[in-house]
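Here are my notes on the model, as numbered points. Have a look at the structure first, then read on.

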Amino acid sequence: MTNSKFTLSKQELSELIEEPYLSRGEDYFLSGSVELLTISSSLVESRALGTRSYRVVLKRSAGKLDGECTCPAFLDFGPCKHMAATGFALMEHNINGYIPSETFLEEIQVYDRVEKSLQEKSKEELIHLIMEIIGDDVEWLYQLDEE
């Protein structure tokens, strides 16, 4: 992580992220469910752990705060709780330093191991694994058939 300072205020964050997402993001931050990966003077990248692991970007361009997240809520509704958690973690980082919780670090290691394992599998192995996971779940079959 670089040490350039990206300053952010709660007011600025609340102008980007509406309630209840702002408060939910603060709860995520307080539980240590976010990891700051990169910080520059105009960009912060993180991983946030919710139902899954999500990639988050907060950026400032022409003085305006913006960002994105890989979670489904961001695609459907815009700025989300994971972005808020990242903002709160950044503010804490700038004041006292910030370290994710032990629980986050343990869980994210599992995600990383599984992702690495999946990347090493052949296409045939992945197809077999997906079909095993789907089992008799007709809803998944129809969803995959549509794609």
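1. Start with His82, which sits in helix α4 (residues 81-95); helices here are DSSP runs of H or I with at least four residues, strands are E runs of at least two, and both are numbered from the N terminus. His82 is buried, at a relative accessible area of 4% (buried is under 20%, exposed over 50%, partly exposed in between, with a 1.4 Å probe and protein chains only).

2. Who touches His82? Skipping neighbours within four places in sequence, the contacts (heavy atoms within 4.5 Å) are Tyr28, Ala48, Gly50, Tyr54, Val56, Cys69 and Cys71.

3. A word on provenance: this is a predicted model, where local features need pLDDT of at least 70 and side-chain atom pairs count only at pLDDT 80 or more, while totals for chains, interfaces and linings use all residues. Residues are numbered from 1 along each chain as its sequence is written, and side-chain values use heavy atoms, leaving out hydrogens and water.

4. Now the overall layout: the chain has seven helices and four strands, running α-α-β-β-β-β-α-α-α-α-α along the sequence. Of its 147 residues, 33% count as buried. Among contacts with a separation of 6 or more, 60% join residues 24 or more positions apart.

5. Last, look at α6 (residues 123-134) and α7 (residues 138-146). Ile130, Met131 and Ile134 of α6 meet Trp140, Leu141 and Leu144 of α7. The residues of this contact are six nonpolar, no polar and no charged (nonpolar covers Ala, Val, Leu, Ile, Met, Phe, Trp, Tyr, Cys and Pro; charged is Asp, Glu, Lys and Arg; the others, Gly among them, are polar).

Key. Axes fitted to C-alpha atoms, helices over the stretch in contact; angles between N-to-C directions.
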